[in-house]
Amino acid sequence: MAQLVSSWYQNKTLPESYIFPPETRPGDLIVPACKTIPVIDLGKAEGQNRADIVRQILTACEEYGFLQVVNHGIPEEVMKASMDVLKEVFEMPAEDKAMLYSEDPKRSCRLLTGGARYAREKVHHWRDNLRHPCHPLQDCIKHWPEKPIRYREIVATFATELKKLGSRILELVAEGLGLESGYFGDKLSESTKLSVNHYPPCPDPSLTLGLSKHCDPNLITIVHQGDENGLQVLNSGEWIGVEFLQNALVVNIGHQLQIISNNKLKCSEHRVVTNSRVARTSAVFFIYPTDNCIVEPAKSLIGDTSHYRAFEFKEFKHEYFTNNGNSEVVMERFKSQA
Ligand code: OGA
Ligand code: NI
């Protein structure tokens, strides 16, 4: 508990245990947040421009594995109230945070620090994190934080809206891939989890990371960036910053969507850098298959070669966890035997 960065960072220099090796630290190179990641106006998706929006989404998923959506239908007040209450969690007094803190990965809702396994990390990430499942809501809400007092009510609304938005985006992706309507509905996208990252101001952002390079193991992810830049995407060997846009949401492809699309869509590696000025709190909504759901490339996208074998999603989760999120090693396990 004493380790939570938000509890001790003030007036400290960067401890040795947070310094990444030279090859993975961000260094002094300032990566400008640029406008390269496509920004897509979802407000146009239901009208005569639908085919164009579908095409824009597909192109973004093929080229970047990332996009931002605006006019996505989640009310501004819901977004603001949610981000405010999520930030508040990390500003609570130590005794309130202690109620939520746990190093037990089996605990449904927990506050933690660093990567998912602090005790086993060589270098710690400059981050605190609160995570919990959001589905089925009636069951899991009982385990959500009781403080801040409005947390459950506000976050339940936010999670419901994010799930709806996720389904809408998946429907557009299905359309773009030529899959039948509802392809990603049901078990493939039934599970959801909210992961709230809090990156306090950092004494030396050039030496450490909020999150190191990774791909998301799920189907699709929706991210509220907070109100600061920090998220970077690896594209053609170069890091590009995802520009923070007011009221926009970032969407990125996870491993399962890459597999189902038989590599037509690629998930991209990304990381989070810190800054020395202000804390950044991001809300990350993971949409993923149920444990027993069978994942495999869609028949109509196989063509001559199916790049992956069929598997139960829980097997993927297990491999991802065991291999510490090393995407290359994990994806290798699911490739089909030639
Ligand atoms: C993640 C992630 C980005 C962010 O949690 O998987 O990529 O901006 N987060 O916090
Ligand atoms: Ni991620």
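Okay, hi everyone. Some ground rules before we look around. The model is predicted, so local features need pLDDT of at least 70 and side-chain atom pairs count only at pLDDT 80 or more, while totals for chains, interfaces and linings use all residues. Residues are numbered from 1 along each chain as its sequence is written, chains are lettered from A and ligands numbered from 1 in the order in which they are written, and side-chain values use heavy atoms, with hydrogens and water left out.

Let's start with the metal. Which residues coordinate the nickel ion, ligand 2? They are His214 and His270, each through NE2, plus Asp216 through OD, at 2.1 to 2.2 Å. Donors here means N, O and S atoms within 2.8 Å of the metal (3.2 Å for Na, K and Ca), and water is not among the atoms, so sites may look incomplete. Along the chain, the donors have the spacing H-x1-D-x53-H. When I say helix or strand, I mean DSSP runs numbered from the N terminus: H or I of at least four residues for helices, E of at least two for strands. Both Asp216 and His270 are buried. Buried is under 20% relative accessible area, exposed is over 50%, and partly exposed is in between, using a 1.4 Å probe and protein chains only.

What about polar contacts, meaning pairs of N or O atoms within 3.5 Å? Oxygen atoms of ligand 1 lie 2.6 Å from a polar side-chain atom of Ser282, 2.7 Å from one in Tyr199 and 3.2 Å from one in Asp216. The protein covers 96% of the 290 Å² of accessible area that ligand 1 has on its own. Those areas come from the Shrake-Rupley method with a 1.4 Å probe.

Next, helix α8 (residues 313–322). Phe313, Phe316, Glu319 and Tyr320 are buried there. Seen down the axis of α8, the buried residues fall within an arc of 120°, so they line one face of the helix; the arc uses the directions from the helix axis to the C-beta atoms. They pack against several elements, among them β7, α7 (255–260) and α9 (327–334), where contact means heavy atoms within 4.5 Å.

Last stop: the backbone. Most residues other than glycine have a negative phi, and most peptide bonds are trans. After α8 comes Asn324, with a positive phi near 55°. Asn11 also has a positive phi, about 60°, and counts as exposed at 84% relative accessibility. Asn247 has a positive phi of about 65°, and is partly exposed at 26%.

And which peptide bonds are cis? His135 to Pro136 is one, with omega near -5°. Lys147 to Pro148 is cis too, with omega about -10°; Pro148 sits in the loop between α5 and α6 (151–177).

Thanks, that's my tour!

How values were computed:
Polar contact = N/O pair within 3.5 Å; in protein donor to acceptor, adjacent residues only side chain to side chain.
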